[in-house]
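Reader: Hi! Could you walk me through this model, a piece at a time?

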Amino acid sequence: MAPTLPKAPEPVEAILRLQLFLDSKLFCPGKVDGRPGEFTTKALNRYQVAYGLPPTEIDVHTLDLSPVGELYTTYTIRHDDLKFVGDLPKKPSLQSQKKYLPYDSLLEFLTERFHTSPELLHWINQPIKMSHLKPGDSVKVPNVADPFQIESLSTIPSLPQVPAFLGRRIQIDTREKLLGVYEGKKLLASLPITPGSGHLATPPGRWRILGITQMPTFRWDEGVLNYGVRTSKAYHLPIGPNNPVGVMWIGLSKPGIGIHGTNMPQTIGRSSSHGCMRTANWDVLRLSRLIT
C-alpha cells in the first residue's frame with residue numbers, strides 16, 4: 001500500500017495533537033490519524049460543551065494541548081507479538097474451525113494498539129515497508145495515552161458489577177453516530193459508533209445492561225445478520241481481535257442487541273451494522289471500564 005501524503009505537515013501535526021488530546025480525555029475522535037474529519041470535530045465540540053466552552057471549528061479552538069507532549073513515540077516489535085498475528089480465513093465456516101481469530105498482520109496489530117490508520121503509519125515510517133515488519137523492528141507510532149494491549153485481555157464471561165457506576169447512563173445518538181456516557185448531566189466520555197441501519201436499524205428505546213463479556217465468542221447466523229431471523233445454520237466463531245464483535249460484548253435487555261467491538265475499526269461511523277452498535281476495540285474496552 002502506497003503512503004498517503006498530506007499536502008503539508010503543519011496542519012496534520014496540529015490535528016494529530018488535538019486528536020491525541022481528545023483521545024486521552026475519552027472524547028474519542030475515532031482514528032488518531034492527523035486528518036480533519038467529522039468525528040474529530042464532533043469529539044472537540046462534545047468536549048467543549050462538557051467543560052463549559054463554546055463549540056468551535058478545529059482550526060480556531062483554544063484548548064491547551066501542552067499535556068500531549070511528543071506527538072510520536074517508537075514501538076519495537078516483540079516475538080510475543082507474533083502470538084496475536086496469523087492466518088485469518090475470510091469465510092465464517094473456516095473461521096469456526098480456528099481456536100482464535102488473530103490480526104492478519106503486524107500492521108493491523110499496530111493500528112489497533114495505537115488507535116490509528118495504516119495510512120498514517122505508512123507515511124511516518126517511510127521508507128520502511130510496513131508489510132515486511134518482523135520482531136526487532138522499531139516503528140514510529142502516535143503517542144496515545146492508553147495503547148490497546150490485546151495481550152492483557154482474557155476471557156471473562158461476565159465482568160463484576162461496579163456499584164459506584166450504577167447511576168451512570170449511556171445515551172446513543174444514531175443520527176450523529178455517537179455514544180455518550182453520563183453521570184447525572186455530566187458527560188464523562190463520548191465515542192463514535194456504527195449503529196444499525198435499514199431494516200436492521202438500531203431501534204429506539206430505553207434498556208438496561210444485562211452483562212459485559214470480555215473476549216466473547218460469536219454465533220454467526222446469516223439469517224440473523226441479514227433478516228433478524230434465527231436459523232439452524234450457524235457457525236460459532238472463536239475469540240480474538242478479529243471476532244466480528246471484537247473484544248467486548250455489552251448485552252442489553254433488548255434481545256439480540258448489544259454494544260460491541262469490531263474487526264473493522266477503520267469503518268466505524270462509515271458503514272452499517274446489523275442492529276447493534278459497534279465501535280473500535282480500543283474504545284469499547286475503555287467504555288467497559290466506565291459502566292456496569
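Author: Helix H7 (residues 281-288) lies across S6, S9 and strand S10 (258-260), and runs at about 55° to S9. Axes here are lines fitted to C-alpha atoms, for helices over the stretch in contact, with angles from 0 to 180 degrees between N-to-C directions. Helices (H or I, at least four residues) and strands (E, at least two) are DSSP runs, numbered from the N terminus.

Reader: Thanks! What should I know about the model itself?
Author: This is a predicted model, where local features need pLDDT of at least 70 and side-chain atom pairs count only at pLDDT 80 or more, while totals for chains, interfaces and linings use all residues. Residues are numbered from 1 along each chain as its sequence is written, and side-chain values use heavy atoms, leaving out hydrogens and water.

Reader: Back to the strands, then. What order do they have in the open sheet of 4 strands?
Author: The order is S6-S9-S10-S11, and the pairing is mixed. Two strands pair if DSSP finds at least two bridges between them.

Reader: And which strands stand at the edges?
Author: Strand S6 (209-214) and strand S11 (277-278) do; each has a single partner strand, so one side of each is left without a neighbour in the sheet.

Reader: How many bridges join S6 to S9?
Author: There are 5, and S6 runs antiparallel to strand S9 (residues 248-252). Gln214 has Met248 in S9 as its bridge partner.

Reader: Is Met248 buried or exposed?
Author: Met248 counts as buried because its relative accessible area is 0%; buried means under 20%, exposed over 50% and partly exposed in between (1.4 Å probe, protein chains only). Leaving aside neighbours within four places in sequence, its contacts (heavy atoms within 4.5 Å) include Leu159, Ile259, Val284 and Leu285. The C-alpha atoms of Met248 and Val284 are 6.6 Å apart, although 36 residues separate them along the chain.

Reader: Nice. What about the sheet with 3 strands?
Author: That open sheet has the order S3-S4-S5 with antiparallel pairing. Strand S3 (168-173) and strand S5 (186-192) are at its edges, each with a single partner strand, so one side of each has no neighbour in the sheet. From one strand to the next, the twist averages 20°. Strand S4 (residues 178-183) pairs with S5 over 6 bridges, and Gly180 is opposite Ser190 in S5. H7 packs on this sheet too, touching S3, S4 and S5, and its direction makes about 155° with that of S5.

Reader: New topic: which residues touch the most other members of the largest nonpolar core?
Author: Among them are Leu22, Phe148, Ile150 and Val247, in a core of 64 residues. A nonpolar core is a set of buried Ala, Val, Leu, Ile, Met, Phe, Trp, Tyr and Cys residues joined through side-chain atoms within 4.5 Å. Helix H1 (residues 9-24) gives the largest share, 7 residues. A second, separate core of 5 residues includes Leu88 and Phe218.

Reader: How many disulfides are there?
Author: The count is 0, taking a disulfide as a pair of cysteine sulfur atoms within 2.5 Å. Cys28 is buried at 5% relative accessibility, and Cys276 is buried at 8%.

Reader: Last one: where is Asp81 found?
Author: Asp81 is in the loop between strand S1 (72-76) and helix H3 (92-95). Asp81 counts as buried because its relative accessibility is 0%.
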